[in-house]
Amino acid sequence: MKIAGHTMGTPEYTLDDAARLFQDCGFDGIEIVVQDGYRCALPPKDGHARAEAVASLVADMGMETSCLTPYASDFNSLDPAARAKAEADLRIVIDYARILRAPFIRIYGGTLLAGDTENYEHKLDNLVDSMRRLGDVAAAAGVTLVLENHFSTMTVSAAAAAMIVGRIAHPAVGILYDQANLTFGKEEDWRTAMDLQHGMIKYVHVKDLRFKNPDAPLYRVQDKHRRSRNPQHRHPYSRRRRGAVAGHPCPVDCGRL
């Protein structure tokens, strides 16, 4: 097993400085956010030159880029234009992964708000179709797409993720196991999650979690109050990422290579 620091946990750093921090921590690699408006990230577009520079820096440090983390999620959209844009955006990230020699790309399993069952099968068909098509592109670049256990997506639970990845049935598509997200969403415990997703887990996010109020109901995200995809966003009931480095003020999120 190899450990990588995640730039989602270093919003105040540049990518270069985050890589140096993770090297100082003794980590094996770095997982990189891909998003506009976030300092410690690659841009979603026109970032090839930056990716080349980061690839050189990481290699010189003797580390690896473990995974890229984009925020496209409309792979299940009923709007053809929105779905096409999400696919086009991910193709760019796949090219970044090729440059960085990153073996994994984190994927949001579509968009699905809590309690939303309208057109579920149609949305599921769209997600499966997009992942199969993009899986072919990823495989050609030596990359595996990993759908994360994550709230507000179709892979919100371990059971859902296993069902969907099983239905996709593509060798370049697997699961990103995130028990903190499952716990936050009051889904499966770790034993159940591991059993359900057995053989499909390709990558793991590890972080601690503490509920400020364990009895508070999980909030439902409404369109007008929709949760930001910005990693810097904080919500009163959100999980807290705490430092894995003794005495260091910045939080660190770890991934498995």
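**Entry 1: a helix pair**

I began with two helices and found that α4 passes α5 in a right-handed crossing. I kept in mind that this is a predicted model.

Next I looked up who makes the contact. On the α4 side I listed Y120, E121, L124, D125, L127, V128, M131 and R132. From α5 come M163, I164, R167 and I168. I then sorted the residues of this α4 and α5 contact by type: 8 are nonpolar, 4 are charged and no polar ones turn up.

What is the angle at which α4 and α5 pack? I read about 55 degrees for helix α4 (residues 120-140) against helix α5 (residues 158-168), and their axes lie 9 Å apart. The two helices are therefore oblique to each other.

**Entry 2: a glycine in a loop**

I moved on to G115, which sits in the loop between β5 (104-107) and α4. Is G115 buried or exposed? Its relative accessible area is 72%, so I noted G115 as exposed. I also checked G115 against S152: the two are 37 residues apart along the chain, and their C-alpha atoms are separated by 9.7 Å.

**Entry 3: the whole protein**

To finish, I stepped back to the overall picture. I counted 7 helices and 9 strands in the protein. The protein has 257 residues, and 52% of them count as buried.

Among contacts in the protein with a separation of 6 or more, 77% come from residues 24 or more positions apart.

Key
Residues numbered from 1 in each chain as written. Predicted model: local features only at pLDDT ≥ 70, side-chain atom pairs only at ≥ 80, totals over all residues. Heavy atoms only, no water. Axes fitted to C-alpha atoms, helices over the stretch in contact; angles between N-to-C directions. Helix = DSSP H or I, 4+ residues; strand = E, 2+ residues; numbered from the N terminus. Parallel < 35°, antiparallel > 145°, perpendicular 65-115°, else oblique. Left-handed = near helix turned anticlockwise from the far one by under 90°. Contact = heavy atoms within 4.5 Å. Nonpolar A, V, L, I, M, F, W, Y, C, P; charged D, E, K, R; others polar. Buried < 20%, exposed > 50% of the residue type's maximum accessible area, 1.4 Å probe, protein only.
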